[in-house]
Amino acid sequence: MLDKKVAELLNAQINKEFYSAYLYLDFSNYYAEQGLDGFANWYKVQAQEERDHAVLFMQYMQNNGCKVTLDAIDKPDKEFASFSDPLKAGYEHEQYVTGLIHTLYDAASAVKDFRTMQFLDWFVKEQGEEETNAEGLIKKFDLFGSDPRALYMLDSELAARVYSAPSLVL
Ligand code: FEO
């Protein structure tokens with residue numbers, strides 16, 4: 001059995017990951033409405049990854065004999081005034097999620113729960129990659145976003161992103 005606090009944080013993380021998926025679908029819808037189908041695709045794929053993260057947390061809890069409780073998912077409430085707003089909001093959100101993973105890691109470490117720490121190692125690395133990707137999108141947009149032809153090229157590049165299943169298998 002897992003420590004009570006660790007189990008609570010793991011369960012809470014399921015909701016956060018599903019919220020991340022919901023948030024990125026909201027971003028995807030915004031870009032689709034604006035005619036930027038590549039950006040829309042990029043966030044739709046990101047949403048699939050977030051849903052995978054939620055399921056990984058669920059599976060880990062179940063593998064360790066813990067009951068999973070699914071909570072209501074918050075409504076995404078961001079308003080966007082420019083194409084770059086979701087990119088910035090996405091980067092901030094990933095930094096927030098990194099903080100949640102670190103808090104969880106701290107809790108597992110405090111009770112010497114090495115199994116959970118090892119499970120979380122994948123997420124620590126994944127968050128590093130996701131922050132880098134999110135920041136990279138902002139940099140590209142800052143460089144190319146104001147030129148329509150360059151924006152078209154960037155949108156085409158983002159249209160090429162395809163979903164691949166997570167490398168972590170439980
Ligand atoms: Fe699953 Fe991007 O946090």
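The axes of helix H4 (residues 114-144) and helix H5 (residues 148-159) approach within 9 Å and cross at roughly 155 degrees. The model is a predicted one.

**Exercise 1.** Determine how H4 and H5 are oriented to each other, and which residues join them.

*Solution.* 
Step 1. The crossing angle of H4 and H5 is roughly 155 degrees. Angles over 145 degrees count as roughly antiparallel, and H4 is therefore roughly antiparallel to H5.
Step 2. The crossing of these two helices, H4 and H5, is right-handed.
Step 3. On the H4 side, the contact is formed by Leu137, Lys140, Phe141 and Phe144. On the H5 side, Ala150, Leu151, Leu154, Glu157 and Leu158 take part.
Step 4. Sorted by class, the contact of H4 with H5 comprises seven nonpolar and two charged residues, with no polar residues.

**Exercise 2.** Decide how H2 is oriented to H4, and give the classes of the residues in their contact.

*Solution.* 
Step 1. The axes of H2 and H4 come within 12 Å, crossing at roughly 170 degrees. H2 is therefore roughly antiparallel to H4.
Step 2. Residues of H2 in the contact include Trp42, Tyr43, Gln46, Glu49 and His53. Among those of H4 are Arg115, Phe119, Trp122, Glu126, Glu130 and Asn133.
Step 3. The contact of H2 with H4 holds 12 nonpolar, four polar and five charged residues.

**Exercise 3.** Describe the largest pocket by its volume and by the residues that line it.

*Solution.* 
Step 1. The volume of the largest pocket is about 210 Å³.
Step 2. Its lining consists of 15 residues, of which Glu49, Trp122, Glu126, Glu129 and Ser167 are the closest to the centre of the pocket.
Step 3. H2 and H4 each provide at least two residues of this lining. H4 gives the most, with six residues.
Step 4. The lining of the largest pocket is made up of three nonpolar, five polar and seven charged residues.
Step 5. Glu49 and Trp122, which are among the residues closest to the pocket centre, also belong to the contact of H2 with H4.

**Exercise 4.** State how many cavities of 30 Å³ or more are counted, and characterise the largest cavity.

*Solution.* 
Step 1. The count gives one cavity of 30 Å³ or more.
Step 2. The largest cavity holds about 60 Å³ of space.
Step 3. Tyr24, Trp42, Tyr43, Gln46, Gly90, Tyr91, Glu94, Glu130, Asn133 and Ala134 form its lining.
Step 4. H2, H3 and H4 are the elements that supply two or more residues to the lining of the largest cavity.
Step 5. By class, this cavity lining comprises five nonpolar, three polar and two charged residues.

Conventions: Residues numbered from 1 in each chain as written. Predicted model: local features only at pLDDT ≥ 70, side-chain atom pairs only at ≥ 80, totals over all residues. Heavy atoms only, no water. Axes fitted to C-alpha atoms, helices over the stretch in contact; angles between N-to-C directions. Helix = DSSP H or I, 4+ residues; strand = E, 2+ residues; numbered from the N terminus. Parallel < 35°, antiparallel > 145°, perpendicular 65-115°, else oblique. Left-handed = near helix turned anticlockwise from the far one by under 90°. Contact = heavy atoms within 4.5 Å. Nonpolar A, V, L, I, M, F, W, Y, C, P; charged D, E, K, R; others polar. 1 Å grid on protein atoms, 1.4 Å probe; cavity = no way out; pocket = protein on both sides within 12 Å on 5 of 7 lines; lining within 4 Å. Points joined across faces, edges and corners; volume = space filled by probe spheres on them.
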